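Reader: I'm new to this one and would like a quick tour. Could you show it to me and then take my questions?

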Amino acid sequence: MSSLIPGEMLAAQVVKVTHPSPSCHIQPVTSYSQFNERYQIHKIPTPRSLGPNEILLKTAAASLCHTDLLVTAGKFPTKLPRTASHEGTGIVQAVGSAVKDFKIGDRVMAGLPKRPCGDCINCKGPENWHQYCQNIEGCIGFLVDGAFAEYLVADSAFSAKVPDDLSLVSAAPLACAGITIWGGIVRAAVPKNGWLAIVGSGGGLGHLGIQMARVKGINVIGIDAPDEGIALSKEAGCEHVFDARKGKEEVVREVQALTNGLGVEAAINVSYHEYHAA
Ligand SMILES: [Zn+2]
Ligand SMILES: [Zn+2]
């Protein structure tokens with residue numbers, strides 16, 4: 001591994017705050033760790049050894065997902081301290097002995113799963129849910145260290161190169177939010193020029209889904225409730241945005257009117273509010 005890679009790095013970790021000040025500060029990693037506390041920035045060793053299929057990234061961007069809050073709340077069997085974030089991008093600094101698809105200098109979006117078994121029902125099932133593998137080493141930011149650090153180790157089998165015309169900042173949320181809504185769009189299988197409704201279109205997943213569906217030539221109907229959600233839906237390129245605050249019946253009437261009484265081919269609900277559902 002290159003001698004240019006420092007021996008230590010900074011990492012924002014899920015830990016117990018032991019300092020009187022609640023703000024982030026640098027201190028040695030403590031073994032007194034617990035959940036429901038703010039992240040704390042620690043100086044920890046930079047990963048030095050890579051598994052055969054692993055790549056070391058110098059982190060460029062890492063984003064916060066709602067699920068990170070669940071990790072902080074102790075909803076997963078996370079051993080602490082643990083570096084957070086499962087949405088990271090970076091530049092490849094080193095590659096494992098079996099890595100063929102990545103080289104030093106590549107711009108990469110880190111995959112979530114690390115070392116799933118490849119043999120269990122979730123790995124081999126039709127959905128390819130490697131992140132739910134029963135024998136996995138862990139998903140980054142959950143059971144193994146994630147992207148809120150200066151360097152990040154990712155499994156090359158689940159990572160992807162980032163195109164030159166996409167910034168590493170914009171690419172980071174695609175590692176979770178992006179592929180989640182993309183999975184919904186693929187499963188919805190709306191044909192080109194067909195109609196897709198996205199309930200919660202002005203949220204983190206919804207506004208990405210609008211853009212993805214439009215690239216596929218799908219007509220998108222956005223449905224959201226807060227003013228900001230409606231504004232973001234339009235900003236993301238949605239031409240038909242309906243206000244869920246009018247109630248289910250009115251939104252359904254508007255959808256029917258827009259689609260000549262045929263309705264949409266599919267609806268994706270990414271809103272967690274019951275009254276948003278149409
Ligand atoms: Zn996530
Ligand atoms: Zn498996």
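This is a predicted model: local features need pLDDT of at least 70, side-chain atom pairs count only at pLDDT 80 or more; totals for chains, interfaces and linings use all residues.

Reader: What spacing do the donors of the zinc ion (ligand 1) follow along the chain?

Author: Start with who holds the metal: Cys65 through SG, His86 through NE2 and Cys176 through SG, at 2.0 to 2.2 Å. Cys65 sits in the loop between β3 and α1, while His86 is in the loop between β4 and β5, 21 residues apart. Written as a pattern, the donors give C-x20-H-x89-C.

Reader: Is Cys65 buried or exposed?

Author: Buried means under 20% relative accessible area. Cys65 comes in at 14%, so this residue falls below the cut-off and counts as buried.

Reader: Which helix gives the most to the lining of the largest pocket?

Author: That pocket holds about 1,300 Å³ of space and is lined by 41 residues. Nearest its centre are Gln131, Ala175, Cys176, Ile179 and Thr180, and Cys176 is also one of the zinc ligands. Both α4 and α5 supply at least two lining residues, but the top contributor, with 7 residues, is α4.

Reader: How many residues of that lining are charged?

Author: Sort the lining by type and you get 26 nonpolar and 12 polar residues. What remains is the charged group, and that count is 3.

Reader: How far does helix α4 reach from its first C-alpha to its last?

Author: α4 covers residues 177-188, which is 12 residues. At 1.5 Å a residue you'd expect 16 Å, and the model comes close to that. Its actual reach is 17 Å.

Reader: What covers the buried residues of α4?

Author: The buried ones are Ala177, Gly178, Ile181, Gly183 and Ile185. Contact here means heavy atoms within 4.5 Å. By that test the cover includes β5, β11, α5 and β14.

Reader: Which residues does Gly105 touch, leaving out those up to four places away in sequence?

Author: Gly105 lies in the loop between β5 and β6, and is partly exposed at 43%. Leu57 is 48 residues away in sequence, yet 9.2 Å away in space, C-alpha to C-alpha. The residues Gly105 touches are Ile91 and Val92.

Technical notes: Residues are numbered from 1 along each chain as its sequence is written. Chains are lettered from A and ligands numbered from 1 in the order in which they are written. Side-chain values use heavy atoms; hydrogens and water are left out. Helices (H or I, at least four residues) and strands (E, at least two) are DSSP runs, numbered from the N terminus. The expected span of a helix is 1.5 Å times one less than its number of residues. Buried means under 20% relative accessible area, exposed over 50%, partly exposed in between (1.4 Å probe, protein chains only). Donors are N, O and S atoms within 2.8 Å of the metal (3.2 Å for Na, K and Ca); water is not among the atoms, so sites may look incomplete. On a 1 Å grid over the protein atoms alone, a cavity is a set of points where a 1.4 Å probe fits but cannot get out, and a pocket is an open set with protein on both sides within 12 Å along at least five of seven lines; lining residues have an atom within 4 Å of a point. Grid points are joined across faces, edges and corners, and a volume is the space filled by probe spheres set on the points. Ala, Val, Leu, Ile, Met, Phe, Trp, Tyr, Cys and Pro count as nonpolar, Asp, Glu, Lys and Arg as charged, and the others, Gly among them, as polar.
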